[in-house]
Amino acid sequence: YYWDITAFRNAFIFFQHINDVPMSEASRQLYSGSVQYLLAYRYFMMLRAYENAPIIRDVLPIDKADIPTSPKDSVFLEALKWADSAVINLPSLGPTQRERERLTKLAAMHLKADLLLYTSTRFQEGIAGATYQAAADAAQAAVNEADANGYGLATNYLDPFIASGQAGASAQKEIILENVRLKDIAPDPYG
């Protein structure tokens, strides 16, 4: 599943044409940051699933699509590069300003911290740049970003998980990234 290069091809086609589309700079940054996040996530999943994986940096014609795998160190660095780019480009928004199902800087910071923690643990700090200290620093940066933007714990533990509680301010301050579920798919079991 993660080996499919279609997502990479689509991402690099996006980057080739993003400047051809008339839009505000804020929108361009949001869309670019979102694609950068998705590339970081895809490389992270490939690192977890396969360790060694191909690194793609451009739209490949069919006759050049058979590329060799790169070592896990390179896959990690590629994922980290895209995560860092997403952190720079995605907007820093609090729970009341964010749009549902849109990526934010905080989500990218969490991805980066998760990538660093997984890699430093899985490979016992054997990959340059993947250390427990780097993971702790990235996690602390994400916590600081969350605190600065008004995120926190919900006052009622169940609120973020049930439909009737999700719209409340208490639950919203805990939700960093969400995928909206339809009411008939995720009904409130308590009400």
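So, α5: the buried residues there are Ala135, Ala138, Ala142, Glu145 and Ala146. Keep in mind that this is a predicted model. If you look down the axis of α5, those buried residues fall within an arc of 100°, so they line one face of the helix.

What do the buried residues of α5 pack against? They pack against α4. On the face turned away from the buried side, you'll find Gln133, Asp147 and Ala148, which are exposed. As for its length, α5 has 17 residues and reaches 24 Å from its first C-alpha to its last, close to the 24 Å expected at 1.5 Å a residue. And just after α5 comes Gly150, with a positive phi of about 90°.

OK, stepping back to the whole chain. We've got seven helices and zero strands. The C-alpha trace spans about 55 × 45 × 30 Å along its principal axes. There are 191 residues in the protein, and 38% of them count as buried. If you take contacts between residues at least 6 apart in sequence, 62% join residues at least 24 apart.

Now the core. The largest nonpolar core has 43 residues, and the ones touching the most other members are Tyr37, Tyr43 and Phe76. Which elements give two or more residues to this core? Those are α1, α2, α3, α4 and α5. The largest share comes from α2, with 10 residues. In general, nonpolar side chains in soluble globular proteins tend to be buried together.

Have a look at Phe76 in particular. Leaving out residues up to four places away in sequence, Phe76 touches Leu47, Leu115, Leu116, Thr119, Ile127, Ala128, Gly129 and Ala130.

Where is Arg98 found? Arg98 sits in the loop between α3 and α4, that is, between 72–89 and 105–122. Buried or exposed, then, for Arg98? Arg98 is buried, because its relative accessible area is 9%, and the cut-off for buried is under 20%. The side chain of Arg98 makes a polar contact of 2.8 Å with the side chain of Gln172. Beyond its neighbours within four places in sequence, Arg98 is also in contact with residues including Leu93, Thr104, Tyr151, Ile175, Ile176 and Glu178.

Methods: Residues numbered from 1 in each chain as written. Predicted model: local features only at pLDDT ≥ 70, side-chain atom pairs only at ≥ 80, totals over all residues. Heavy atoms only, no water. Helix = DSSP H or I, 4+ residues; strand = E, 2+ residues; numbered from the N terminus. Buried < 20%, exposed > 50% of the residue type's maximum accessible area, 1.4 Å probe, protein only. Polar contact = N/O pair within 3.5 Å; in protein donor to acceptor, adjacent residues only side chain to side chain. Contact = heavy atoms within 4.5 Å. Core = buried A, V, L, I, M, F, W, Y, C linked by side-chain atoms within 4.5 Å. Expected span 1.5 Å × (residues − 1). Arc of directions from axis to C-beta.
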